[in-house]
Amino acid sequence: SLFSYVMNILMSLMMISMIFVMITMSVASMRRIAEVIETKADIVSPADAVKRVENGRVDFENVRFAYKSGSGKPVLEDINLHIHSGETLGIIGGTGSAKSSLVSLISRLYDVNAGAVHVGGRDVRDYDLDVLRKSVAVVLQKNVLFSGTILENLRWGDKDATEEECRQACRLACADEFIEQMPEGYYTRIEQGGTNVSGGQRQRLCIARALLCKPKVLVLDDSTSAVDTATDAKLRRALREELPGTTKIIIAQRVASVQDADRILVLDGGRICGLGTHEELLESSQIYREVYEGQQKSGGDFDQKESA
């Protein structure tokens, strides 16, 4: 009996000590959470924010940009670019050429260090952030799908979208082909992160979700990398024919993904080193010509030209 009582007392003392340890850990975690909640965003909407984006015209005026947490060296420098409303612009460049950084400035994920970025004729810093980011839809190479049905995932783009609008967006994104083959169609449940669909299917669903926003500017940041070339061509043709008023910016590693764009921008080291149609760049840009010829021979992407 004595040993039993002693063991019970020791166990109780151990539980009390564990409680003190857990309280200490909880207080530290609460402080970190509070620090995050109380952090003030550097990028905010102005007091008299513009509530409407007129069109999809995008202008870069003497833009210079560097990440604050980086080395201070400009990622983009001396960028002057004018994209007409409804135009399709292809962007191609090697890894680290600041392709994604360039398009991030359009939706004001970052502010420029010098110069200005205009959307619809107004500086992006004049817009309400929610309005701007709904008008500039960005589809990344790796996007997130949430647990729920396909329709529920699509309606993250527009919570009030009808089922027919969702179906139309999927037709434009060439996602209807595989959705209709699923037993439950648009009511098929997607697992957290989209683990029960392939990479190409996930990308097409994310493109459809972005289309439901009815954006003025659509940015596809290497978002068809997991899609076969035939579907990629079909998708680009659908966007060109069905969304003539939407400005489309396509970032890609494959020349085939951008060669039918109205113009193609070649970036190298954060600077513009070529701008024109596919035929014009073959004549005037050595970098573009080398990439094109290398991919024609090997079927590789932009970065394989260095090892070719």
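Guide: On a 1 Å grid over the protein atoms alone, a pocket is an open set of points with protein on both sides within 12 Å along at least five of seven lines, and a cavity is a set where a 1.4 Å probe fits but cannot get out; lining residues have an atom within 4 Å of a point. This is a predicted model, in which local features need pLDDT of at least 70 and side-chain atom pairs count only at pLDDT 80 or more, while totals for chains, interfaces and linings use all residues. Residues are numbered from 1 along each chain as its sequence is written, and side-chain values use heavy atoms, with hydrogens and water left out.

Visitor: How much space lies in the second largest pocket?
Guide: A volume is the space filled by probe spheres set on the grid points, which are joined across faces, edges and corners. The second largest pocket is lined by 11 residues, and those closest to its centre are Ile43, Phe65, Lys68, Tyr110 and Asp111. Its space comes to about 210 Å³.

Visitor: What volume does the largest pocket have?
Guide: The lining of the largest pocket counts 28 residues, with Arg133, Val136, Ala137, Val138 and Cys213 closest to the centre. The volume of this pocket is about 770 Å³.

Visitor: Which elements give two or more residues to the lining of the largest pocket?
Guide: Elements are DSSP runs numbered from the N terminus, with helices (H or I) of at least four residues and strands (E) of at least two. The elements that qualify are helix H2 (99-104), helix H3 (129-135), strand E6 (136-139) and helix H7 (199-211).

Visitor: How many residues of each class are in the lining of the largest pocket?
Guide: Ala, Val, Leu, Ile, Met, Phe, Trp, Tyr, Cys and Pro count as nonpolar, Asp, Glu, Lys and Arg as charged, and the others, Gly among them, as polar. The second largest pocket has a lining of 6 nonpolar, 2 polar and 3 charged residues. For the largest pocket the classes are 15 nonpolar, 6 polar and 7 charged.

Visitor: Which element gives the most to the lining of the largest cavity?
Guide: There are 4 cavities of 30 Å³ or more in the structure, and the largest holds about 80 Å³. Its lining consists of Thr88, Arg236, Leu239, Arg240, Lys248, Ile250, Asp260, Ala261 and Asp262, or 3 nonpolar, 1 polar and 5 charged residues by class. At least two lining residues each come from helix H8 (229-242) and strand E10 (247-251). The most, 3 residues, come from H8.

Visitor: Which residues are linked in a network of salt bridges?
Guide: A salt bridge is a side-chain nitrogen of Lys or Arg within 4 Å of a carboxyl oxygen of Asp or Glu. The count by this rule is 17 salt bridges. Linked in a network are Asp232, Arg236, Arg240, Arg254 and Asp260.

Visitor: How many residues apart in sequence are the parts that Asp128 and Lys51 tie together?
Guide: The closest N and O atoms of the salt bridge between Asp128 and Lys51 are 3.4 Å apart. Asp128 lies in the loop between strand E5 (122-123) and H3, and Lys51 in the loop between H1 and strand E1 (58-65), so the parts tied together are separated in sequence by 77 residues.

Visitor: Is Asp128 buried or exposed?
Guide: Buried means under 20% relative accessible area, exposed over 50%, and partly exposed in between (1.4 Å probe, protein chains only). Lys51, the partner in the salt bridge, is exposed at 58%. Asp128 has a relative accessible area of 13%, so this residue is buried.

Visitor: How far apart are the closest N and O atoms of Arg108 and Asp111?
Guide: Arg108 is buried, with a relative accessible area of 6%, whereas Asp111 is partly exposed at 25%. Arg108 and Asp111 form a salt bridge, with the closest N and O atoms apart by 2.8 Å.

Visitor: Which helix holds Glu165?
Guide: Glu165 forms a salt bridge with Lys214, the closest N and O atoms being 4.0 Å apart. Lys214 is in the loop between H7 and strand E9 (217-221), so the pair ties together parts 49 residues apart in sequence, and Glu165 is in helix H5.

Visitor: How far apart in space are Leu282 and Glu293, C-alpha to C-alpha?
Guide: Leu282 belongs to helix H9 (residues 278-284) and is partly exposed, with a relative accessible area of 21%. Leu282 and Glu293 are 11 residues apart in sequence, and their C-alpha to C-alpha distance is 9.5 Å.
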